[in-house]
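Notebook open, structure loaded. I'm jotting down what I look up as I go, rings to begin with.

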Amino acid sequence: MDHISIHLSDNIIRLRRKKGITQEELARFIGVTKASVSKWETGMSMPDILLLPVLAAFFDVTVDELLGYEPQLSREQIQAVYHRLASDFAEKPFEDVMAESEALVKQYYSCYPFLLYISVLWLNHFMMAADQKRQQEILMMIESLCERIMAECKNLLICNNASSLKAMVALYSGKAEEVIEDLADIQDVNSMKDNAIMLVQAYLMAGKLKEADRAAQINMCWGIMTAFGSGTHLLTVYGNEPEKGRRVVKRMDALIKDFELDHLNPNAVASYEYQTAVMYAEYGEEETAFERLERYVRAVKILYEQDMRLHGDDFFYELDSWYENIELGKETVRNRKLIGQSVVEVFDHPVFQNLSDRKKLEKIKREAARICGIGEV
């Protein structure tokens with residue numbers, strides 16, 4: 001990224017030529033010598049700051065346009081600057097690179113994506129500073145940038161990233177209790193956040209092993225179920241790609257077995273088994289499709305036996321207390337009758353109508369209806 005003076009000299013030349021005037025004519029209007037204009041255009045000197053509005057008015061541009069200043073950078077420009085500075089940290093004196101990056105922050109102080117990238121850059125290199133005092137100064141600079149982003153930026157994703165980065169800075173600064181205070185509430189809402197891992201780290205740093213155990217269990221379980229749900233969606237994506245679909249099933253089955261998900265979260269497993277049955281029916285593998293429908297019904301049976309309540313198990317033993325604190329509690333968010341109707345209606349999927357053994361399909365469907373307490377279907 002070029003220095004502003006280079007932009008200014010280039011712009012004066014460009015604007016003067018566009019206007020069709022000589023250096024002498026420009027000098028006469030501004031009230032300086034021709035030599036002064038020549039030095040501006042060669043970059044040997046800069047116009048007095050009081051002359052910038054006069055120059056801008058003469059060329060009918062803003063001062064920012066005259067200087068070549070743009071308050072926002074494109075994503076590609078930001079990435080290019082980041083990678084160049086990261087390379088410079090490896091090759092040049094640390095403080096020289098810091099000085100350049102600090103100057104860029106001042107130049108693009110309202111470009112919040114750029115400020116976020118610079119914050120990440122500094123966090124990745126602050127340990128290269130000469131001493132601990134300077135390291136702490138840089139961490140405070142990062143914290144200040146994050147606070148500015150969070151206060152002024154309208155992009156929620158950028159603000160969330162800045163919040164996570166600020167929490168990481170607090171951990172590096174040894175402020176575990178501050179991180180706990182800021183992030184502990186994520187254990188009491190109906191969703192997990194990306195900075196849950198930092199909360200675990202903060203508890204460990206503070207020596208609060210019980211709290212770290214609880215937070216880690218919740219985060220681990222949430223991560224597993226998020227991955228499991230994504231895997232279920234992949235089965236839809238791979239409806240026409242048997243090799244990829246079977247690879248997903250193999251890994252999803254392993255998750256169910258290793259973490260006993262059929263008992264921990266039978267609702268999620270039922271959705272998966274149903275989608276697997278659809279996929280195999282699309283592949284024309286009727287026997288496997290029926291096997292998966294039977295597994296679907298078994299998962300529904302476990303769901304009803306557990307009264308559709310969210311719960312932990314002997315591995316995720318901290319989940320029960322967490323479920324009690326989420327907004328909707330342990331109870332299912334849908335009426336049991338509606339759930340039962342949904343369970344039975346899935347058998348009407350068009351892909352199952354192509355199965356040759358209609359009697360077997362109806363038998364499995366009746367078993368599902370019986371479990372759900374629904375009459376004749």
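Predicted model: local features only at pLDDT ≥ 70, side-chain atom pairs only at ≥ 80, totals over all residues.

**Aromatic pairs**

I counted 14 aromatic pairs, taking rings of Phe, Tyr and Trp (its six-membered ring) as paired if their centres lie within 6.5 Å, with planes under 30 degrees apart called stacked, over 60 edge-to-face and the rest tilted. I looked up Tyr-108 and Phe-114, and they make an edge-to-face pair with 5.8 Å centre to centre and 70° between the planes. Tyr-108 and Phe-114 are both buried, where buried means under 20% relative accessible area, exposed over 50%, and partly exposed in between (1.4 Å probe, protein chains only).

Residues are numbered from 1 along each chain as its sequence is written, and side-chain values use heavy atoms, with hydrogens and water left out.

Which parts of the chain does the pair link? Tyr-274 sits in helix H16 (residues 266-283), while Phe-352 is in the loop between helix H19 (336-345) and helix H20 (358-372), so the pair links distant parts of the chain, 78 residues apart. Tyr-274 counts as buried because its relative accessibility is 17%. Phe-352 is buried too, with a relative accessible area of 0%. I also found Tyr-274, Tyr-296, Phe-347 and Phe-352 together in one aromatic cluster.

**Charges over rings**

I then looked for charges over ring faces, which asks for NZ of Lys or CZ of Arg within 6 Å of the ring centre and within 35 degrees of the ring normal. Lys-19 lies over the face of Phe-58, 5.0 Å from the ring centre. Arg-148 does this with Tyr-109, at 3.8 Å from the ring centre.

**Helices**

The chain has 20 helices and zero strands; these are DSSP runs (helices H or I, at least four residues; strands E, at least two), numbered from the N terminus. The expected span is 1.5 Å times one less than the number of residues. For the 14 residues of H7 that gives 20 Å, and the end C-alpha atoms are 20 Å apart, which agrees. Which H7 residues are buried? I get Phe-94, Val-97, Met-98, Ser-101, Leu-104, Val-105 and Gln-107.

**Two single residues**

Asn-11 is in helix H1 (residues 4-19). Is Asn-11 buried or exposed? Buried, with a relative accessible area of 10%. Leaving aside neighbours within four places in sequence, Asn-11 is in contact (heavy atoms within 4.5 Å) with Glu-65, Leu-66, Leu-67 and Gly-68.

Lys-154 is in the loop between helix H9 (132-152) and helix H10 (156-172). Lys-154 is exposed, at 79% relative accessible area.

**Whole chain**

The radius of gyration, taken over C-alpha atoms, is 32 Å, whereas a compact globule of 377 residues would be near 21 Å; the globule rule is 2.2 Å times the number of residues to the power 0.38. The C-alpha atoms fill a box of roughly 100 × 55 × 40 Å along the principal axes. Of the 377 residues, 43% count as buried.
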